[in-house]
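Subject: Structure for you to look through

Dear colleague,

I am handing over the structure below, and I would be glad if you kept it open beside this email while you read. My notes on what was found follow directly after it.

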Amino acid sequence: MQKIVIEGGRPLKGEVEISGSKNSALPILFASLLGNTSVSLKNIPHLRDIDTTLRLLEKLGAKIKKGFRFSSLEVSANGLRHLEAPYDLVRTMRASVLVMGPLLAKYERARVSLPGGCAIGARPINLHLKAFEQMGAKISIEGGYVEAKAKHLQGARINFETVTVTGTENVMMAATLAKGETVLENAAREPEVIDLANFLNKMGAKVYGAGTDTIIIDGVDELKGAEHTVIPDRIEMGTFMMAAALTGGSVLIKNADLTFLEALRVKLEETGAKISQNTQGLRIEGPKTLKAIDIITAPFPGFATDFQAQFMAMMAVAHGTSVITETIFENRFMHAQELVRMGADIKIEGKTAVVKGVKKLSGAPVMASDLRASAALILAGLVAEGLTEVHRIYHIDRGYENIEKKFRKLGARIKRAKVKY
Ligand code: EPU
């Protein structure tokens with residue numbers, strides 16, 4: 001087991017480069033199952049969730065060639081015979097359910113272990129399954145597995161009762177090879193949905209309207225291989241923006257722009273941070289003292305739930321009281337009690353956290369509960385007095401590439417160490 005050890009108190013200074021987007025790369029890797037010829041992908045981040053996905057694709061029978069420094073990949077996945085996502089893989093990564101849409105569309109059946117609850121909420125997949133049923137699939141649940149079968153998926157009008165990112169992606173992938181037109185209403189508008197649609201269209205799909213709440217897909221007979229470069233990770237960009245603001249530093253985020261970060265920009269500027277964009281990237285300068293402000297999470301283009309934990313770390317040392325409302329996941333405040341261990345003053349009432357800013361945090365051993373919570377604890381460690389040890393960092397390796405190296409390059413005193421018992 002490993003931990004991350006941080007000695008706080010240094011403003012971040014310098015430049016950082018952002019890796020490819022995890023939440024784009026995952027659906028795109030699953031979408032590569034739809035092609036009859038091989039797919040070539042670039043800017044794939046080096047992360048545990050990507051390894052899990054590649055393991056799953058290989059288990060299904062896909063052939064994967066890793067290119068230079070791993071960030072480019074070639075996936076050949078025609079004629080698969082083994083159409084099952086086993087429990088062992090799904091339980092370590094819920095996004096494995098994204099295998100269902102492509103398998104059902106191309107091979108007319110899929111067997112996928114039903115994901116259980118997770119640290120941030122119940123996270124059911126009922127809306128994915130309901131949509132597949134509307135497209136003509138027969139769904140049954142047996143022995144912890146979802147079995148889906150469909151002779152040839154039919155286009156349908158699907159109105160998602162809740163905005164769901166992977167639900168939109170799963171059904172969008174399925175609809176590319178369905179008979180006729182599928183209309184997705186109340187679709188997720190996240191940039192990762194747009195990136196997936198662009199990739200599918202390069203493969204020969206007919207997907208229109210991605211990025212709006214209505215996506216129309218005209219089914220085609222087959223898809224072919226394509227080349228695609230995954231977009232940079234906007235959640236990683238935002239995490240470094242918040243880290244720069246929190247430490248009162250000055251950071252240039254090189255391959256970044258504000259296109260998909262408007263909600264965060266507005267809130268960061270309200271806290272007193274200065275943000276500017278030029279041809280080199282985004283520059284963030286933190287104020288001497290952050291001002292406490294309120295946030296409410298919402299689907300894109302609203303304030304992302306994936307930024308909530310890191311923002312709470314900022315508010316923990318801001319001047320004043322901040323009210324943070326989480327509307328997407330019912331249990332995404334696990335980091336709050338860990339921040340309290342570092343001296344933060346946070347009270348949780350249902351969907352709301354009331355954070356009274358304190359003058360300083362003090363370093364402590366803390367436990368990461370999920371990916372973004374681990375980032376929040378690292379951010380808190382960067383400003384805390386003394387040593388912070390973040391445990392269970394396997395969560396962070398799921399979604400941030402070389403995080404401690406990137407922070408070290410910005411001047412932070414941070415290292416990875418073995419946990420000794
Ligand atoms: N929901 C249902 N039924 C469904 C699907 C979703 O009730 O069938 C509910 C969920 O329980 C939740 C809400 O709808 O309350 C929204 O969940 P969504 O389906 O949008 O989440 P997701 O697709 O499972 C993706 C990201 C998450 C990110 C959320 C919200 C990927 C692989 N994951 O999850 O990313 O927090 O959207 O933006 O794209 C992360 O990267 O750390 C992460 C958790």
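With the side chain of Asp 306, the distance from a ligand oxygen to an N or O atom is 2.6 Å. A polar contact here is a pair of N or O atoms within 3.5 Å; within protein, one must be able to donate a hydrogen and the other to accept it, and residues adjacent in sequence count only if both atoms are side-chain atoms.

Please keep in mind that this is a predicted model, in which local features need pLDDT of at least 70 and side-chain atom pairs count only at pLDDT 80 or more, while totals for chains, interfaces and linings use all residues. Residues are numbered from 1 along each chain as its sequence is written, and side-chain values use heavy atoms, with hydrogens and water left out.

Around the ligand there are 21 residues, of which Asn 126, Thr 164, Thr 166, Asp 306 and Ile 328 come nearest (a residue is near if one of its heavy atoms lies within 4 Å). Sorted by class, this shell has 9 nonpolar, 7 polar and 5 charged residues, where Ala, Val, Leu, Ile, Met, Phe, Trp, Tyr, Cys and Pro count as nonpolar, Asp, Glu, Lys and Arg as charged, and the others, Gly among them, as polar. The element that gives the most to the shell is α5, with 3 residues (helices, H or I, of at least four residues and strands, E, of at least two are DSSP runs, numbered from the N terminus).

Turning to charged pairs, the structure holds 24 salt bridges, each a side-chain nitrogen of Lys or Arg within 4 Å of a carboxyl oxygen of Asp or Glu. Glu 15, Glu 17 and Lys 254 are linked in a network of salt bridges.

With best wishes
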